[in-house]
Amino acid sequence: MKVIKWIDNYLEEVLLVIMLLFMMVIMGIQVTARYVFSYSLTWSEEITRYLFIWSGFLSISYCIKRGVSIKIEQIVEFLPKRMFSLVRLITYTVEIIFFAYLIPYAWHYIMSAVASHQLSPACGIPMYIIQSSTIISFTLAVIRLVQKWIDRLLEVIGKKDVKEGE
């Protein structure tokens, strides 16, 4: 149970930090190789680009979990606490529907990459590995939204008090 709680709390952060560190190290090696040894690595920019794509998609669920998405709150913050939570519940429902709608399309996108046997130019990585960031991200987003939806529902019915940003 501790492992599941840890994954729930830190999965996105750990993966994003690891990807950022790898990007930093790879680009540091590339800069050093290019300017110190006059040798350019053919694979470094490609790997960094793919790590950046993965981190961009993974940040969707991180932002949902932390409640740091773009919001217009001028009107809803004047509402009573329960009504505010009800509005949040509605927006979470719309977001769940949106990301759930995207999952089958992401799946077809990945399956077409599997069928094409396409490889990345410099590293020869199967492109479905890179493109699987979409389905993983959308699935994590749905999971995080369902968690937030349940919290807001409990607040609307008076069983829990949710702090903003949770």
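Reader: Between which helices does the loop run in which H117 is found?
Author: This is a predicted model, in which local features need pLDDT of at least 70 and side-chain atom pairs count only at pLDDT 80 or more, while totals for chains, interfaces and linings use all residues. Residues are numbered from 1 along each chain as its sequence is written, and side-chain values use heavy atoms, with hydrogens and water left out. Helices (DSSP runs of H or I, at least four residues) and strands (DSSP runs of E, at least two) are numbered from the N terminus. On that numbering, H117 is found in the loop between α3 and α4.

Reader: Is H117 buried or exposed?
Author: The classes rest on relative accessible area, with buried meaning under 20%, exposed over 50% and partly exposed in between (1.4 Å probe, protein chains only). H117, whose phi is positive and near 55 degrees although the residue is not glycine, has a relative accessible area of 66% and is therefore exposed.

Reader: What is the phi of S38?
Author: Most residues other than glycine have a negative phi. S38, in the loop between α1 and α2, is exposed at a relative accessible area of 68%. Although S38 is not a glycine, its phi is positive, at about 55 degrees.

Reader: What share of the accessible surface of the protein chain belongs to carbon and sulfur atoms?
Author: The C-alpha atoms fill a box of roughly 65 × 40 × 35 Å along the principal axes, and buried residues make up 32% of the 166 residues. The accessible surface, from the Shrake-Rupley method with a 1.4 Å probe, comes to about 10800 Å², and the share belonging to carbon and sulfur atoms is 73%.

Reader: How far apart are the end C-alpha atoms of helix α2?
Author: The expected span of a helix is 1.5 Å times one less than its number of residues, so the 23 residues of α2 (residues 44–66) should span 33 Å. The separation of the end C-alpha atoms agrees with this, at 31 Å.

Reader: On which residue is the kink in α2 centred?
Author: A bend is the angle between axes fitted to the seven residues ending at a residue and the seven starting there. In α2 this gives a kink of about 30 degrees, centred on S59.

Reader: Against which helices do the buried residues of α2 pack?
Author: Buried positions in α2 include Y50, L51, W54, S55, L58 and I64. S55, buried at 12% relative accessibility, is in contact (heavy atoms within 4.5 Å) with L16, M19 and M23, leaving aside its neighbours within four places in sequence. The buried residues of α2 pack against α1 (2–36), α3 (81–116) and α4 (127–156).

Reader: Which residues does Q30 contact, leaving aside its neighbours within four places in sequence?
Author: Q30 lies in helix α1 and is buried, with a relative accessible area of 2%. With its neighbours within four places set aside, Q30 is in contact with S40, L41, S44 and E45.

Reader: Is the ring pair of F98 and F99 stacked, tilted or edge-to-face?
Author: Rings of Phe, Tyr and Trp (its six-membered ring) pair if their centres lie within 6.5 Å, with planes under 30 degrees apart counted as stacked, over 60 as edge-to-face and the rest as tilted. The whole structure holds 5 aromatic pairs. The rings of F98 and F99 have centres 5.2 Å apart and planes at 70 degrees, so this pair is edge-to-face.

Reader: At what angle do the planes of the Y101 and Y105 rings lie?
Author: Y101 and Y105 are 4 residues apart in helix α3 and are therefore separated by about one helical turn. Their ring centres are 5.1 Å apart, and the pair is tilted because the planes lie at 55 degrees.

Reader: Which residues form one aromatic cluster?
Author: F98 counts as partly exposed at 45% relative accessibility, whereas F99 is buried at 10%. Both belong to one aromatic cluster, formed by F57, F98, F99 and F138.
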